[in-house]
Amino acid sequence: MRKPATVLAAAALGLISFERDAAAEKLQRLSGAQIRAKFVAMQLTDEVHWRYVYDRDGTLRSYSMGTKKVGKWTIERDELCLYLDERDDGCYEVSLSGKGVTMKPSGLGLTLEGVLQVPPK
């Protein structure tokens, strides 16, 4: 006979796993044309520490912890490429779920997750 705490813990882990899998199913990978349509004149942000602003002319403005950088963004082979003279410059597969964006790097690097929104004036 199993202890109630063990059964509850197993049930909770199963529910968390189910919710995570359901959320992953809602992610839609974007094509290059879809990336351009969604990102032009918008910003991607974690709403606290950083934001990337995607200008129409390909300029990328980065604001992170009080530091501003200017670089460029392009779309190559259905991936969003960011160039800010940083070690994690490169291209990302972009997936969207509502306003939530997940960007997985093509090579080494960390996955970026944020919210796509209109930048402040």
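Biologist: Leaving aside neighbours within four places in sequence, which residues is Q43 in contact with?
Modeller: This is a predicted model, and in it Q43 lies in strand β2, residues 42-45. With neighbours within four places in sequence left out, the contacts of Q43 are R51, Y52, V53, V115, L116, Q117, V118, P119 and P120.

Biologist: Does Q43 count as buried or exposed?
Modeller: The cut-off for buried is under 20% relative accessible area. Q43 has 3% relative accessibility, so Q43 counts as buried.

Biologist: With which side chain does the side chain of Q43 make a polar contact?
Modeller: R51 is one of the residues in contact with Q43. The two side chains also make a polar contact, at 3.0 Å, and the partner of Q43 is therefore R51.

Biologist: How many salt bridges does the count come to?
Modeller: The rule asks for a side-chain nitrogen of Lys or Arg within 4 Å of a carboxyl oxygen of Asp or Glu. R29 and E93 meet it at 3.8 Å, N to O. D55 and R61 meet it at 2.9 Å, and E86 and K69 also at 2.9 Å, and the count comes to 3 salt bridges.

Biologist: How many residues apart are R29 and E93?
Modeller: The side chains of R29 and E93 meet in a salt bridge. This pair links distant parts of the chain, with R29 in strand β1 (residues 28-29) and E93 in strand β7 (residues 90-97), and the two are 64 residues apart.

Biologist: Why does R29 count as partly exposed?
Modeller: Partly exposed lies between the buried cut-off, under 20%, and the exposed cut-off, over 50%. R29 falls in that range because its relative accessibility is 44%.

Biologist: Where is E86, which forms a salt bridge with K69?
Modeller: The closest N and O atoms of E86 and K69 are 2.9 Å apart. The pair links distant parts of the chain, 17 residues apart: K69 is in strand β5 (residues 67-76), and E86 is in the loop between β6 (79-83) and β7.

Biologist: What is the volume of the largest cavity?
Modeller: The count comes to 1 cavity of 30 Å³ or more. The volume of the largest cavity is about 50 Å³.

Biologist: What is the phi of A41, although A41 is not a glycine?
Modeller: A41 is placed in the loop between α2 (32-39) and β2. At 32% relative accessibility, A41 counts as partly exposed. Its phi is positive, about 65°.

Biologist: Does E47 count as buried or exposed?
Modeller: E47 is in the loop between β2 and β3 (50-54), and E47 has a positive phi of about 70° although it is not a glycine. The cut-off for exposed is over 50%. With 55% relative accessibility, E47 therefore counts as exposed.

Terms used: Residues are numbered from 1 along each chain as its sequence is written. This is a predicted model: local features need pLDDT of at least 70, side-chain atom pairs count only at pLDDT 80 or more; totals for chains, interfaces and linings use all residues. Side-chain values use heavy atoms; hydrogens and water are left out. Helices (H or I, at least four residues) and strands (E, at least two) are DSSP runs, numbered from the N terminus. Buried means under 20% relative accessible area, exposed over 50%, partly exposed in between (1.4 Å probe, protein chains only). A polar contact is a pair of N or O atoms within 3.5 Å; within protein, one must be able to donate a hydrogen and the other to accept it, and residues adjacent in sequence count only if both atoms are side-chain atoms. Contact means heavy atoms within 4.5 Å. On a 1 Å grid over the protein atoms alone, a cavity is a set of points where a 1.4 Å probe fits but cannot get out, and a pocket is an open set with protein on both sides within 12 Å along at least five of seven lines; lining residues have an atom within 4 Å of a point. Grid points are joined across faces, edges and corners, and a volume is the space filled by probe spheres set on the points.
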